[in-house]
Amino acid sequence: MNYKREMRHNYLILEAMEDNPESFEVRMLAGNVIEGLLRFRLKQEDRNRYYYYEITSKQPLSRLLEFREIRRDELRQLIFGIGEALGWIENYLLQESHVLLEPEYIYIEPETFHVWLCYVPGYPGDFPAAMGRLLHYLLKKADHRDNDTVVLAYRLYQESQKDYYGIDDLLRVARESGMEAAPYAGELKKEGGMPEEKESAAYAGIQEDKEGELYSRPDFSGDEIPSGICSISPEKKRVGWKRMLLLFPVILLISQAGLWFFRGKEGLLRYGILLGAAETAAALCALLVFAGISVYEQRKDREEKTQLQPEEMQWSMVFAKEEDEKGVGNTGNLGNCPREPGEDAGSAEFCPPPSDAGFPVSDAVFAGNTVLLSELQGDKSGNHILKSLDPFVADIPIPYFPFLIGKQEGIVDYVLPKDTVSRLHLRIDQDENTCSITDLNSSNGTKVKEHLLNANESCELNSGDKVIIADISFVFY
């Protein structure tokens, strides 16, 4: 298995297993874009043939779950995604046994958890056995703080241990677990059709309540949102203002028509202008009142946010997580927050790494303040920093390892909110006293000392090295 970057596309490269390059499967994969399968092409290099799979902006499941656990909605999404891909495989007369189900070959779009599988022509696989191994892996990676996630993972694994089970049995278990957000799109197509916008919304995490109102689930936290309860979005407020503006000329025309009907042409000429001016003034007053109310509400929201108690602020920032017996927590943008093994997840506090981790961290780092480079350089404990060369981009403190940088909040240790940065862009590791940097299949690449790293390529990182993340320049210290 190798990786390669060509222009702005990243590829997973596997050696060809099919002896015949003109076989039905190879031609079918190369000539079609099949939903749920990585895009495929065959390439001849010298006397060897290789399969190229495009993995741009996607991440392997093993990487996403390396430092955290899988949640209930993500587990359901994964099962539904595999089920849909198998439906397309059947439609194209391909064989499910040629699908790789190892976590490092299942690729995920991190934001929506959309699934892509790697289909290898000629691969002598056993799909039911591979699916059983995958479900065993997911059972160990289930979020054990959420009882529903554990129950679903165990039921799926238990189903895979039965004789002659199939993907339909796993889909049934996922549906019976109370899934309301994203039913298996393939089944709805067979039962009479699902509108394209509804289908895409299902996989984007959009839910529908009993009254038919749509509301968004921005993440897969696993918490149920009560049916029929949703907040008014700014878009809906804008729609209300537009309706008011459109209603004003209608009322004006109706009033003028009524005046003409009761007073005739003479009355319209005498009082029409006055009536119109009065109505316009009333409409302007109403708009000013509504604008004042809107400004007051926004100011009140800002004041409430700034007056959060320390505990509330902590819970808004902390993304709790346990790592097996180590009791490691993930704090979203700021990363891992160690706890003692066995400590209740609900009592986790926002805290720096312990002193035995080898790098005591100053309070300024965890308060989000800019840390003076001189302070870090003078710290013999091993703290590091990416010093920004862009005056509009903040420095990135690196208080622990491994350290993930990207723009997907919740799964990286530091959020770099720029369009050119990938969701998971790079990882910085430390082995004893040696640091290294790895490009995580980013779209716009990572450069170290002007060397562009290939997808998933690692290189040594020394103090003073220039690092370019997409188009943002830093110096590592």
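A: A residue is called buried when its relative accessible area is under 20%, exposed when that area is over 50%, and partly exposed in between. The model described here is predicted.

Ala470 sits in the loop between strand S21 (466-469) and S22. Its relative accessible area is 17%, so Ala470 is buried, the limit being under 20%. The backbone of Ala470 has a phi near 60 degrees, a positive value in a residue other than glycine. Most residues other than glycine have a negative phi, and most peptide bonds are trans.

Asn456 has a positive phi as well, near 65 degrees, and is also a residue other than glycine. Asn456 belongs to the loop between strand S19 (451-452) and strand S20 (458-461). With 18% relative accessibility, Asn456 counts as buried.

Pro402 is placed in the loop between strand S13 (396-398) and strand S14 (403-406).

Tyr477 is found in the segment after strand S22 (472-476). Tyr477 has a relative accessible area of 28%, so the label for Tyr477 is partly exposed. Tyr477 and Gly464 are 13 residues apart in sequence, while their C-alpha atoms are 5.7 Å apart in space.

The helices come next, starting with two pairs. Two packed helices are described by the angle between their axes and the distance between the axes. For helix H3 (residues 72-91) and helix H4 (residues 127-141), the axes come within 12 Å and cross at roughly 165 degrees. That angle makes H3 roughly antiparallel to H4, since angles over 145 degrees count that way. The crossing of H3 and H4 is right-handed.

For helix H5 (residues 147-160) and H6, the axes come within 10 Å and the crossing angle is roughly 160 degrees. H5 and H6 are therefore roughly antiparallel to each other. The crossing in which H5 passes H6 is right-handed.

Side chains of opposite charge can pair when their charged atoms come close. Over the whole structure, a search finds 21 salt bridges.

Asp73 and Arg76 are three residues apart in helix H3, so about one helical turn separates them. Asp73 is buried, at 8% relative accessibility, and Arg76 is buried too, with a relative accessible area of 2%.

Other bridges form a network. Arg155, Glu159, Lys162, Asp169, Arg172 and Glu176 are the residues linked in this network of salt bridges. Lys162 is partly exposed, with 46% relative accessible area, whereas Glu159 counts as buried at 8%.

Arg172 is another member of the network. Arg172 forms a salt bridge with Glu176, the closest N and O atoms being 3.7 Å apart. Arg172 and Glu176 both lie in helix H6 (residues 167-176), where four residues, or about one turn of the helix, separate them. Arg172 has a relative accessible area of 29% and is partly exposed. Glu176 is partly exposed as well, with 48%.

Leu247, Val250, Ile251 and Ile254 make a nonpolar surface patch of about 370 Å². One of these residues, Ile254, is found in helix H9 (residues 234-306). The relative accessible area of Ile254 is 56%, so Ile254 is exposed, the limit being over 50%.

Note on methods: Residues are numbered from 1 along each chain as its sequence is written. This is a predicted model: local features need pLDDT of at least 70, side-chain atom pairs count only at pLDDT 80 or more; totals for chains, interfaces and linings use all residues. Side-chain values use heavy atoms; hydrogens and water are left out. Patches are made of residues with over 30% relative accessible area and no salt bridge: like charges are joined within 9 Å, nonpolar side chains (Val, Leu, Ile, Met, Phe, Trp, Tyr) within 5 Å. Accessible areas come from the Shrake-Rupley method with a 1.4 Å probe; for residues, only the protein chains shown count as cover. A salt bridge is a side-chain nitrogen of Lys or Arg within 4 Å of a carboxyl oxygen of Asp or Glu. Helices (H or I, at least four residues) and strands (E, at least two) are DSSP runs, numbered from the N terminus. Buried means under 20% relative accessible area, exposed over 50%, partly exposed in between (1.4 Å probe, protein chains only). Axes are lines fitted to C-alpha atoms, for helices over the stretch in contact, and angles run from 0 to 180 degrees between N-to-C directions. Angles under 35 degrees count as roughly parallel, over 145 as roughly antiparallel, 65 to 115 as roughly perpendicular and the rest as oblique. A crossing is left-handed if the near helix is turned anticlockwise from the far one by less than a right angle, and right-handed if clockwise.
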